[in-house]
Amino acid sequence: MSALAALVALLLALVPLEAAAFGDRTIVDIRMVEIAGASLPRPTAALRLAWETRQRTSVETRLPPTSVKLSDPKLFESGLVYWAGDSAFAPLSEAEVTGLRRFVEFGGFVMIDDAAPTRDDASTGFDASIRRELARAFGENELRKMPATHTVYRSFYLLERPYGRIAGSESLEMIERGGRAAVIYSRHDLGGAWDRDNLGNYYHAVEPGGDSQREMAVRLGVNLVLYALCLDYKDDQVHSPFIMRRRAGQP
Amino acid sequence: MDGAAGQPAWHEALHFGNPGGAYLGWALVALFVALGVLGIREALRLPTPGKRALAAALRCATALLACLIAVQPQWVEQEVKQIEGRLAVLLDVSRSMAVRHDAGGQADKEQDDSRLARALQRVKPLFDKPQAGVDLFAFGGEAKPARLGELTGRASATEDDTRIADAVRRVARDHGDALGAVLVVSDGADQQVGFDGSGLKDLGIRVHTAAVGQESSARDDAIRAVQADAHAFLREPGLVEVAVRSSQPGGTRVVSLRHEGELVAEATVELDAEGNGKVSLPFTPMRIGRAVYSVSLPVDAADAVPENNERAFLVRVARDRLRVLLVCGSPTWDTRFLRAFLKADPSIDLITFFILRTGSDLSMAAPEELSLIPFPTDELFREHLDSFDLVIFQDFDHGPYQLARYLGRISQYVRDGGGFAMVGGVRSFGAGGYHATPIDEILPVDAQAGAQAWLEAELLPALVETTSGHPIVELAPDAAENIAAWARLTPLIGANLLGAPRKGAHVLLTHPTEKSADGRPMPLLAVGPAGKGRVLALGADSTFRWGITTAGLTGDASAYERFWDRALRWLARDPRLDPARIETDRERYGPNAVLEAKMALRSEDYRPVADRAIEVAVLDNAGVERQVARVQSDVEGRATAKLNVPTDPGGYRLLARRPRDGGGHDVLAEEGFIVEEGGDELADPRPRHALLQKLARDTGGEYFETDATLELDELPRTRGRTLGSSVRAPFGTGWALGILVALFAVEWFLRRAWGLR
């Protein structure tokens, strides 16, 4: 399936895409968060997710995505940031913490991806740093487990649980604001599953493995982008009968 | 109050002048009586009858004198001269006086046999001879000077209220000492709660009363009262409680509820032993605005007052929730923030459709692995379209979904009163293929043809001076502050190419540099009417930048919310955003009553309709014009008009119109009102002669039975004027106090001497 997908993707990439926005500045930009002194563990992850989202859905994504600092006023130009890391980082500046808090309060969505999760879910490295900074920005104990019934698991694809480069925990974590998941935190190395070159060669093996797991990780990424854009759209009453039928295996 | 005019007479009266007030006086009396009793019981213990009698007598005398000093009885003598004054004849012209004099008798269609006609016959002789000092007043809720020749019987009984006490007080106050007496000619069917004929003695004038109308046992069924909430919600059931009265107790009656002539509900009411009953009927308003309903009882051939068998009530119908259909061509930040804003508002019932996948997208999954649902076009745009108050197409092109066949339906929905907004993007207006479609016809601007009909440059929208007071773009009430508020917003990115505004449209924002074909700045935001509906065209897909992006710089995202809140409310015709208002002084009137209308008028661009001729027209339910008054508005667009309401019962619309130069007119505002023949005045029109009798008796006046002839000589019209007075208060002197002390001292001395305490 991956070879077929790669071939189709290659062919599509050669076709000039129809303009679907008033220029690049208004389309969906999966911006990577830049933290001073921290490395970008999956440099092509945002690009792959943007590309997959553009191919699979009607969402027009910016290619290649840009990056932004949490203290930069440009943070508020768009509504989504992708924050990945694989190691501990120094405490954020006050301006960065304030920027993060205000971005979420004014409607922004933060997708956080731990690229080096431990098998036992121990809080070390990036995880410890990110929890520290989220507590600074949003308060202690705000991060909580996302239920399996959350809209994220049906915002485009029907999913049962989170997937990434590693199978990891059966749930994501989130911080809610105004009835929406404003921050979603994955400890599954989503970017590690997406990361690949233009010929379809993946950089990282998935654990425990299989094309299905990688595909599910891509689907979760797409779902996260769709959730950022449509929020609880799939919870609207009009969708319920269709979704329930499909979850029951009916057409 | 007895006595004829002429010689003065002396009047004596006993008063109590205790300075501490009645309560203190009586408390002291009780105390002294108790002390007297105790003293007497003690005196009875003395050994000899002589001592016992003397001690008891002293205690009685002391207590009695103390009581008299405490209450201070006074004899007041007044020299009063009876002076003849004017006679005010108060003729009841309320609508109960239009009822037949003998409601139980046979009706004579040729002859005016109303109570008022009969009253006029009796009053007329008082004015036949040139009499000095007799004035005629007509009264209902209040008394007004009247001329006998202008009162014509049943047709003159037009007042919606009867308040005898208020009328008498008003005449007494206006005439002052010149008034000698009042003659009230009425059926006594007074509407003032609790008034039984007493309470006017303090005026010091005689009130003579002449009864009108036979207290017969004629059959009369009536709607006594109607209680419904003044406000109801669209498509939400409401209840009206109807109180029924019948002169025939027991049994049942059928009450019908109608709206614009159509039967809405029926219910049977059981009458109790006094002929009263209540029943509730349901109704569900299906149109926003003012709705006139009526409740009625069947009219029996023997019903003495058929006019009170029907009553109307008016309900102001509003939305409890705004039903919005949002259709988005693709998930974008603009659609995302607008949906979040709409979802956050509990007063909005939102149905959203995002196009999540197009025909060219490869989802890499079987359909059952996707949460996508079919786009239910037929359901939305044919079956349920009318259930929405507002439809928004946001960056949505109709072509890929074969919606062309529904565009005419959507256009008609708007012309019938729906709201429609097209929000920009590369799938909107001309770029979305809407040029020369039924949607294009209702847009306030021309949707320019062309698949690439947009600009990508950043822009700061420009306010249009003439429409900057429009609520959608009024971010601040002051014009200068409003301009500054718009300047603080983050620039938009890109704009659809929009053509010149259509007739009746108002451009609210323009592109700062781009021009339309007519050379004027290109519209960016325009609004306008389409039939009964309203349409908004916004050629931008980045208003979210007025929220999150502006807030990132200034900390304030309110401009985005205010803009969209006002836009939605305006589209849905929220009455709070109506540019013009007309208000009536009441909601219900009797036939031919005077209505006063006050207007605050602004045109559709929210500028005052200043110094303009304004027509105020009354239209009936069929839309037929029944009355027109012409007034002039002031510089602020305010005006007041008075006109007579029609004589036919029913619901009416009151329109404020601005005449056009070339003929015709523009309707600026409208209001509903009711004309009813029944109402509270006729709910119970039975004569109440006992009230009139009591009124006359209490004030020293004469009471005349219903057929008794009225003669001036029989109507004393003098009132007493005090020439002098004297007061004797024997127990208010120092002597009385001295005697009391002396009595007490003697008693005390003897008691000590005889061995008592």
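This is a predicted model: local features need pLDDT of at least 70, side-chain atom pairs count only at pLDDT 80 or more; totals for chains, interfaces and linings use all residues.
## A strand pairing in chain B

In strand β30 of chain B, B:Lys598 is the bridge partner of B:Glu583.

Strands of a sheet pair through backbone hydrogen bonds, in either a parallel or an antiparallel way.

## The sheet around it

Let's step back to the whole sheet. Three strands of chain B make up an open sheet, in the order β28-β30-β33, with antiparallel pairing. Which strands stand at the edges? They are β28 (581-584) and β33 (638-644) of chain B; each has a single partner strand, so one side of each has no neighbour in the sheet. From one strand to the next, the twist averages 20 degrees.

## A salt bridge between chains

Now to the charged side chains. Side chains of opposite charge can pair when their charged atoms come close. Over all chains, the structure holds 75 salt bridges.

One of them links B:Arg339 with A:Asp232, at 2.8 Å from N to O. B:Arg339 sits in helix α5 of chain B (residues 333-344), while A:Asp232 sits in the loop between α6 (211-230) and α7 (240-247) of chain A, so this pair joins two chains. A:Asp232, with a relative accessible area of 27%, is partly exposed.

## Two salt bridges within chain B

B:Glu747 and B:Arg59 also form a salt bridge, and their closest N and O atoms are 2.7 Å apart. Helix α14 of chain B (residues 734-753) carries B:Glu747 and helix α2 of chain B (residues 49-71) carries B:Arg59, so the pair ties together parts 688 residues apart in sequence. Both B:Glu747 and B:Arg59 are buried.

Another salt bridge involves B:Glu383 and B:Arg382, with 3.8 Å between the closest N and O atoms. Here B:Glu383 counts as partly exposed at 47% relative accessibility, and B:Arg382 is partly exposed with a relative accessible area of 43%.

## A charged network

Which residues are linked in a network of salt bridges? From chain A, they are A:Glu52, A:Arg56, A:Arg196, A:Glu215 and A:Arg219, and from chain B, B:Glu369.

Note on methods
Residues are numbered from 1 along each chain as its sequence is written. Chains are lettered from A and ligands numbered from 1 in the order in which they are written. Side-chain values use heavy atoms; hydrogens and water are left out. Two strands pair if DSSP finds at least two bridges between them. Helices (H or I, at least four residues) and strands (E, at least two) are DSSP runs, numbered from the N terminus. Axes are lines fitted to C-alpha atoms, for helices over the stretch in contact, and angles run from 0 to 180 degrees between N-to-C directions. A salt bridge is a side-chain nitrogen of Lys or Arg within 4 Å of a carboxyl oxygen of Asp or Glu. Buried means under 20% relative accessible area, exposed over 50%, partly exposed in between (1.4 Å probe, protein chains only).
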